[in-house]
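Please look through the sequence and the structure shown below before reading on. The briefing that follows takes up a few places in turn, grouped by topic.

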Amino acid sequence: MSADAAKATPAQGRLSDSAREAVSKYGLIGVLLALPLYLAITDLASTGTLTDLGNNLVLGLSNGAIFALIALGYTLVYGIIELINFAHGDVFMIGSFVAFGLWGNFGLQEGMGAAGLVLGLLVAMLVAMLVCGVLNVMIERVAYKPLRNAPRLAPLITAIGFSFILQNVGVLWLGSSPISVPDLVNQGNVLLNIGGVTIHNGDVLAVAVTAPLVILLTSFISRSRLGKAMRATAQDPDAARLMGINVNTTISLTFLLGGMLAGAAGLVNLLYQTSVWYFQGFTAGLIAFTAAVMGGIGNLKGAVLGGLIIGCIQQIADNRIGAEWTTAVVFGYLVLIMVFRPQGLLGEVTREAG
Amino acid sequence: MSGVEQFVKDHRNLVTATVCLIAAAVLPLFFDPLSSITDNFITAGAYVVMALGLNIVVGFAGLLDLGYVAFYAFGAYTVGWFASDHFSSVNGEKGIHVLAGEFASSLPGIHLNFLLVMLLAVVIVGIAGMLIGLPTLRLRGDYIAIVTLAFGEIIYRFAVNGDEISVVDGYKLTNGRQAIAPVDAIDLPGFAGFDSAFNLRPYFWFVLVLVALVLLVNFRLRDSRLGRAWIAVREDEVAAASMGVPLVKTKLLAYATGAAFGGISGAFLGSYQASVQADQFKFGFSIFVLAMIILGGLGSIWGVVLGAILLSFINTYFIPEVFNSVPRSLGLDFDLTVLNFGIFGFLILLVMVLRPQGLLPERRRAMELTEGAGVDDSIDVKVP
């Protein structure tokens, strides 16, 4: 959200600076494109079509939409208090759990009428969003607010502590192995087939839920009074306070919004993956964090862009390299970005990035 | 003031250490040679070594390392590679033996004496520490945490999937979840008592010697020029640099030293448990070690020792043996062991919020933390 301020071009910067900037930015883009390009060439050489890669990318984009929702939560919070909310991935997991619990209560099952299904899912999503939003605010009150004067690393450590607590809540709730859930939207059903590239129900659903939420969020932050307060606090908390903004409320609001997006992502993930597991939040959280960093942490558009890119990388790694290596590949990218372009694709240079 | 009193006053740490170590040394004599309490103490000792290593990186130099488990893994795999029959057909199936024990000398594979393995582990893990530290040099604060976490996860992935990777001659890198086993027992020249099937006491004394050495190194380092440089970097990197502290060298040495301790401990644990299995190297373990030093007090050597022993016993004794059935007796359908990481997370949270300086705080750190305590709640946002 500090994107507007950050867009300030490196005015009158020396030529070498802008050259370095360009090298690091396009270098990153090049590194990101290397894997798909390599696969495209080998595919063309061996099978003569790009269908496999196209399918990977479709799945990648829809998966990436879910990561984007989670990444927005990281980036919102980082933008305002410069904290990596390590427990965010687990809030997303709780969102899935809440939604799954509600399905049982509502009696949602495979093959039921569309009207009831849509209504049920909508209510489940709203409740999951609310629960996750409130949970996130509560985490901030308990684990981060008392530590605002402590050394910077203190809240990061409590965030990790909270992450473990939430994971164990998940273990107690649904046990320690993945559970498969009813495939309510028939997510594997092929909706469209464009020259061999298939688009499934799940892909459409993921994008259909994510896109409106992202648009709502960005317009809330850029138009509304509270959104303006959020941007002001992100830029300079002290000045914002002097202008009469209640900083604590604004921070709580940020956590609420982040948590709500995570809750929505939880429901979409449930429909998309048709399984639920206490550990899903840890992995998805770290991947989404990578997405936020890739886009430029603190930058909303960056988070969405990063989410979509990381979704594609994850799918390609899953299908071409082997699912057991996916986290290693994603983290490899994370390290590369952190080291060579810590400000990401769209972000500004932060203090951390030095 | 008498001479003795003066001596005690001047050498408080030395006296405390001597008394504690002597008291600890006679401890196993009160238990059965195969007592599980002794076993717990041995594990605790290994964790003390590990926690003291992490304390150098996080406590002294202020570099939050969330991938410390990687060094445990490197240390353990050093034993796995160089003191087992993993490379079973080297040297025409006769094996390579360097000062190996009587039994190990008859086995195929590479078998080095444990002391050599430990030296090797120090070198390998120290280099690994520097290599992992290198990319983080330009970064600060939470970005370091994330990069080290990423490295920890990548190395865990290599450990788990290492059975798919062939190194020279078709040998696997690791055995993944199958574990490299059996690993040679410790074999000291002229002492044949290391057999965990009969007597655990020699292991206990061995780990006690390790703890004593590591404590000595820790105190000497902390009070050395390097130690002061670490603390200066932790307090204020820019100020330290402008006073002439070489940042790159100082930080890399912190990573290397901290890692080396993790490697020593990993090598010991690998040999003691006689197997090296990939699932020991999960992210949770990094946090487990981090919780020890937070509980005890970041940067405080005695605090870290206390924290490591406490958490180790919570993990190996109190949760599984004493309180495990508590939820069931309350009518809840689970064992407490399911929740051990949640309990550690809760402890970290509690300590960090209520007593951030830890149980036995370091004086400087305690001052640093209480400085801001009087500040009015209404101006509580940290300005970047």
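This is a predicted model: local features need pLDDT of at least 70, side-chain atom pairs count only at pLDDT 80 or more; totals for chains, interfaces and linings use all residues.

**A briefing on selected places in the model**

Ala317(A) is part of helix α12 of chain A, which covers residues 300–322.

**Around Ala317(A)**

- Leaving aside residues up to four places away in sequence, Ala317(A) touches Trp325(A), Thr326(A) and Val329(A).
- Although Ala317(A) and Asn56(A) are 261 residues apart in sequence, their C-alpha atoms are 9.6 Å apart in space.

**The contact between chains A and B**

- Chain A gives 43 residues to the contact, and chain B gives 41 residues.
- On the side of chain A that touches chain B, α6 (153–174), α9 (237–242) and α13 (326–340) each supply at least two residues, and the largest share, 15 residues, comes from α6(A).
- Sorted by class, this side of chain A has 26 nonpolar, 10 polar and seven charged residues.

- Helix α4 of chain B, residues 69–82, has 14 residues and reaches 20 Å from its first C-alpha to its last, close to the 20 Å expected at 1.5 Å a residue.
- α4(B) is mostly covered, since 14 of its 14 residues are buried.
- Val238(B) lies in helix α9 of chain B, residues 237–242, and Val238(B) counts as exposed because it has 9 C-beta neighbours inside 10 Å.
- Val238(B) and Leu216(B) are 22 residues apart along the chain, and their C-alpha atoms are separated by 30 Å.

Conventions. Residues are numbered from 1 along each chain as its sequence is written. Chains are lettered from A and ligands numbered from 1 in the order in which they are written. Helices (H or I, at least four residues) and strands (E, at least two) are DSSP runs, numbered from the N terminus. The expected span of a helix is 1.5 Å times one less than its number of residues. A residue is buried if 20 or more other C-beta atoms lie within 10 Å of its own, exposed if 12 or fewer, and partly exposed in between; C-beta atoms are placed from the backbone. Two residues are in contact if their C-beta atoms, placed from the backbone, lie within 7 Å. Ala, Val, Leu, Ile, Met, Phe, Trp, Tyr, Cys and Pro count as nonpolar, Asp, Glu, Lys and Arg as charged, and the others, Gly among them, as polar.
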